[in-house]
Amino acid sequence: MRISVIGCGHVGLVVAACLAKLGNKVTAVDTDGEKVKLVNTKVSPISEPGLEEILSKVNIEATRDYSPIRDSEIIFICVPTPSTEDGSISLEYITQATKQIAAVLKEEKGYRLIVVKSTVIPGTTEEVIVPILEGLGKRAGHDFGVCMTPEFLSEGSAINDYMNPARIIIGEYDKRSGDRLSSLYQNFNAPTLRVNLKTAEMIKYVSNAFLTTKISFINEIGNICKQLGIDTYEVAKGIGLDERIGAKFLNAGIGFGGPCLPKDLKALIAKARQTGYQPRILAEVLNLNNGQALKMIDLLKKHISLKDSSVGVLGLSYKPQTDDVKDSLAITVIDTLLKERARVKAYDPWAMPNFSKLFPQIEYVTSEGVLRCDAVLVLTEWEEFEHLDYKGKVVIDGRKIAKAKEARIYEGICW
Ligand SMILES: NC(=O)c1ccc[n+]([C@@H]2O[C@H](COP(=O)([O-])OP(=O)(O)OC[C@H]3O[C@@H](n4cnc5c(N)ncnc54)[C@H](O)[C@@H]3O)[C@@H](O)[C@H]2O)c1
C-alpha cells in the first residue's frame with residue numbers, strides 16, 4: 001500500500017520503517033528539517049535498537065512538505081500530544097498536522113484513510129480531527145475514512161513491539177474505515193479488537209493508567225517493606241506468581257518517568273475532572289510518584305551532607321536502551337541536588353547528549369568518574385551498571401542493581 005506517516009519521532013519513524021520493511025511505499029513527513037535530512041540519508045535521528053538497520057535497507061521518502069501525501073491510501077498521524085500547564089492534553093501539534101492534511105486532500109478525488117496514532121484523549125478524533133478534515137468540504141465516511149489505533153510500543157524494544165504486538169486496537173469511524181486499516185494489518189499475528197473511536201482512545205489511557213497504578217502500588221509496598229526489613233522483590237515474586245496479578249511491572253524503585261506515562265496519567269486525570277468526576281486513585285498514583293524519586297535525596301542525606309559534596313549519578317534516560325530523557329526522573333533528582341548545592345557528575349551510556357541540553361551546568365563523566373564521587377545514586381537500570389566496581393563507595397540504589405550491594409554503604413530505595 002502507499003502510506004504516509006506524519007511525525008518522524010519514536011512512534012512515527014518506527015511505524016514508517018516497519019511498514020516499509022513489510023513492502024509498503026512509505027512517505028514520512030516531519031516539520032524538523034534535520035530529522036528529514038537524517039532519514040533521507042538512512043540515519044536514525046533517535047537511538048532505537050534495530051531501527052537504523054531497517055532504515056538502511058528500505059526506501060522511505062522523508063520530507064517537510066505535505067504535498068506528497070496526496071498519493072497515499074493511508075495517512076498515519078504520529079505527532080506529539082504533550083501536557084499543558086494544568087496537565088491536560090495539548091492538541092496544538094495534532095491540530096496543525098490535521099489542517100495540513102486537510103489542505104492537501106481538499107483537491108483530491110479518491111478515498112483516503114486518516115489514522116490517528118498519537119495518544120489523544122477520548123473524544124478528540126471525533127470532535128476535533130474529523131471536523132477539521134470535513135472543514136474543507138469533504139465528508140467523513142464518504143470521501144475519506146477515519147480510524148484511531150493507539151500505539152503500545154515501548155522505547156528500547158519498539159521494533160519488536162510494533163511487529164509483534166500483544167493486540168491491535170482499531171477504533172473506527174465506520175466499517176469501511178476499519179476494514180481498510182484491518183487489511184493493512186492482515187499479516188500481523190495478534191488479537192484484534194474493533195471498537196468505536198472514543199473507546200480506542202480510552203483503551204490507551206487506561207492501559208497506561210493501569211501500569212502507573214501497578215508501579216505506584218508496588219512502590220508503596222516497597223516503602224512499607226523497607227520499614228519492616230522485608231525484601232520487596234521477594235514479595236513481588238511471590239505475588240507475581242498469581243496469574244491474576246502477573247509478574248511484570250512489579251519492580252519497586254524510584255517510580256515512572258518518560259514521554260508517555262506521566263503525561264497520559266495527568267491528561268486522564270484532567271479530563272475526568274473536566275467531566276466533574278474526581279479520580280482519587282489516579283490522583284494518588286501521581287502524588288506517590290512525585291514523591292518517590294525525592295526519597296533518593298532523603299536517603300542520601302542520611303549518609304552525607306549535600307552542600308559542596310560531589311554526587312555521582314548513574315543513569316539519565318528514563319529507562320535503559322533509549323536516549324530519551326523526556327520527563328526522566330533524573331531531572332527531578334538532579335534539580336534537587338543542585339538546589340542543595342551539591343556538585344553533580346553524571347554518566348549514561350546513551351543519554352548524555354540529550355541530557356546536557358537540559359543541564360549544561362553539571363559535569364558529564366565516565367562511570368569510573370561517577371564512582372569517584374563522595375556518593376553515587378543509581379537512577380536507571382542499564383545492564384552495564386551490574387558490572388561496575390562499587391567496593392568502598394556510598395551508593396543509594398533506585399533500581400536494585402545486585403552488584404551495587406558490594407558498596408561500603410549501600411541503601412536501596414525500597415529495600
Ligand atoms: N514514545 C513512545 O514510547 C510512545 C508510545 C506510544 C504512543 N506514543 C504517542 O505517540 C505520539 C508521538 O510520540 P513520539 O514519542 O513519537 O513523539 P516524538 O516527539 O518522538 O516525535 C514526534 C515528531 O513529530 C514531529 N512533528 C510535530 N509537529 C508536526 C507536524 N505538524 N507535522 C509533522 N511533524 C510534526 C516532531 O518534529 C517529531 O519529530 C504521542 O501522542 C505519544 O504520546 C508514544
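View 1. A polar side-chain atom of K326 lies 3.3 Å from an oxygen atom of the ligand, and a polar side-chain atom of T81 lies 2.6 Å from a ligand oxygen; a polar contact here is a pair of N or O atoms within 3.5 Å. From H10, a backbone N or O atom is placed 3.1 Å from an oxygen atom of the ligand. Of the 830 Å² of accessible area that the ligand has on its own, the protein covers 93%, with areas taken from the Shrake-Rupley method with a 1.4 Å probe. This is a predicted model, in which local features need pLDDT of at least 70 and side-chain atom pairs count only at pLDDT 80 or more, while totals for chains, interfaces and linings use all residues. Residues are numbered from 1 along each chain as its sequence is written, and side-chain values use heavy atoms, with hydrogens and water left out.

**View 2. The shell around the ligand.** Among the 28 residues around the ligand, D30, K35, Y66, T81 and K263 come nearest, where a residue counts as near if one of its heavy atoms lies within 4 Å. By class the shell has twelve nonpolar, eight polar and eight charged residues, Asp, Glu, Lys and Arg being the charged class and Gly being among the polar residues. Helix 4 (residues 92-105) supplies the largest share, three residues; helices are DSSP runs (H or I) of at least four residues and strands (E) of at least two, numbered from the N terminus.

View 3. The strands follow the order 11-10-9-12-13-14, with parallel pairing, and two strands pair if DSSP finds at least two bridges between them. Strand 11 (363-364) and strand 14 (409-412) stand at the edges with a single partner strand each, so one side of each is left without a neighbour in the sheet. Strand 9 (residues 310-314) is joined to strand 10 (residues 343-347) by five bridges, and G312 stands opposite K345 in strand 10.

**View 4. Two loop residues with positive phi.** Most residues other than glycine have a negative phi. D327, in the loop between strand 9 and helix 13 (329-339), has a positive phi of about 55 degrees although it is not a glycine. K400, in the loop between strand 13 (394-397) and strand 14, likewise has a positive phi, near 55 degrees. D327 is partly exposed at 41% relative accessible area, whereas K400 is buried at 18%; buried means under 20%, exposed over 50%, and partly exposed in between.

Technical notes
A polar contact is a pair of N or O atoms within 3.5 Å; within protein, one must be able to donate a hydrogen and the other to accept it, and residues adjacent in sequence count only if both atoms are side-chain atoms. Buried means under 20% relative accessible area, exposed over 50%, partly exposed in between (1.4 Å probe, protein chains only).
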